[in-house]
Amino acid sequence: MSISRVLTWQVTESTGYETAWAELDGGALRAHGRAVGTAPDPYWISYELDTGDDFVTRALRVTAEDARGVRELELVRDGAGQWSADGEALPELEGALDCDLGLCPLTNTMPVLRHGLHRSAAQGERRFLVAWVSVPDLAVRASRQHYAPLQRTVHGARVRFTSGDYQRDVTFDADGFVVDYPGLAHRLARPERRPGRVRPSG
């Protein structure tokens with residue numbers, strides 16, 4: 001079953017916004033998005049994300065611009081599980097399945113969907129090595145992250161995210177997308193469509 005979503009978050013950490021156009025198709029996620037931030041300095045980014053089966057990252061392409069200029073990144077995981085950034089091998093990421101674009105709530109989706117963490121607290125804590133991309137400089141680093149499901153909610157679940165000393169209880173919806181990420185971002189509700197006013201003729 002294919003699911004298409006348009007998601008917008010207010011990104012409080014950067015005092016900005018992000019919109020993502022995402023499509024779930026079986027065990028794959030394809031998405032593109034744009035974000036603008038104003039803190040600590042103004043920047044904008046655009047990205048394209050492509051995963052293969054079981055939501056394993058294939059490629060993340062990012063363009064960023066700030067006062068220092070424009071930067072681009074092509075982060076790729078090949079069929080043998082080897083990672084590269086702009087063609088340069090990243091052996092420290094051996095074993096990683098996911099990318100994590102900084103300040104981007106969308107990229108928390110893949111580990112949650114792969115292990116069904118938004119459906120059952122019985123899944124237990126999961127530990128991951130991920131390719132973390134900082135924004136707006138687009139530097140790539142290996143990051144150890146933990147996801148632990150806490151409880152079901154009306155529309156999804158809360159999952160505890162931990163990386164080093166950083167810890168947040170993140171709310172996901174039934175499709176595995178972030179609703180609220182305390183201190184980083186919260187999703188904006190789509191406004192209800194109102195019938196247009198008809199102007200009288202004559």
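Q: Which residues line the largest cavity, and what makes a residue part of a lining?

A: The lining is Val11, Ser14, Glu18, Ala35, Val36, Tyr43, Ile45, Gly102, Leu103 and Cys104. A residue gets onto such a list by having an atom within 4 Å of a grid point. Strands β3 (28-37) and β4 (43-51) each give two or more residues to this lining, strands being DSSP runs of E with at least two residues and helices runs of H or I with at least four, numbered from the N terminus. Before going further: this is a predicted model, so local features need pLDDT of at least 70 and side-chain atom pairs count only at pLDDT 80 or more, while totals for chains, interfaces and linings use all residues. Residues are numbered from 1 along each chain as its sequence is written, and side-chain values use heavy atoms, with hydrogens and water left out.

Q: Why is that space called a cavity and not a pocket?

A: Everything runs on a 1 Å grid over the protein atoms alone: a cavity is a set of points where a 1.4 Å probe fits but cannot get out, whereas a pocket is an open set with protein on both sides within 12 Å along at least five of seven lines. The count comes to one cavity of 30 Å³ or more, and the largest cavity has about 40 Å³. That volume is the space filled by probe spheres set on the points, which are joined across faces, edges and corners.

Q: How do you know what kind of residues surround the largest cavity?

A: By class: Ala, Val, Leu, Ile, Met, Phe, Trp, Tyr, Cys and Pro are nonpolar, Asp, Glu, Lys and Arg are charged, and the others, Gly among them, are polar. Sorted like that, the lining holds seven nonpolar, two polar and one charged.

Q: What makes up the largest pocket, and what is its volume?

A: It has a volume of about 300 Å³ and 18 lining residues, with Gly102, Leu103, Trp132, Tyr181 and Leu184 nearest its centre. β9 (98-101), β11 (140-152) and β12 (156-163) each supply at least two of the lining residues.

Q: What makes Asp66 and Arg68 a salt bridge?

A: The rule wants a side-chain nitrogen of Lys or Arg within 4 Å of a carboxyl oxygen of Asp or Glu. Asp66 and Arg68 come in at 3.1 Å, N to O, so they pass. Asp66 also pairs with Arg71, at 3.0 Å. By this rule there are twelve salt bridges, and Arg5, Asp173, Asp175 and Arg187 are linked in a network of them.

Q: Are Asp66, Arg68 and Arg71 buried or exposed?

A: Buried means under 20% relative accessible area, exposed over 50%, and partly exposed in between (1.4 Å probe, protein chains only). Asp66 at 13% is therefore buried, and Arg71 is too, at 19%. Arg68, at 63%, counts as exposed.

Q: What does the salt bridge between Arg114 and Asp98 tie together?

A: Here the closest N and O atoms are 2.5 Å apart. Arg114 sits in helix α1 (residues 109-115) and Asp98 in strand β9, so the pair links parts 16 residues apart in sequence. Arg114 and Asp98 are both buried.

Q: Why is Thr8 called partly exposed?

A: Because its relative accessibility is 24%. Thr8 is in strand β1 (residues 2-11), and its C-alpha is 5.7 Å from that of Leu188, 180 residues away along the chain.

Q: What makes Ala39 to Pro40 and Val135 to Pro136 stand out?

A: Most residues other than glycine have a negative phi, and most peptide bonds are trans. The bond from Ala39 to Pro40 is cis, with omega near 0°, and Val135 to Pro136 is cis as well, with omega about 10°. Pro40 lies in the loop between β3 and β4.

Q: Where is Thr15, and what is its phi?

A: Thr15 lies in the loop between β1 and β2, and its phi is near 50°, a positive value in a non-glycine residue. Asp86 likewise has a positive phi, about 55°.
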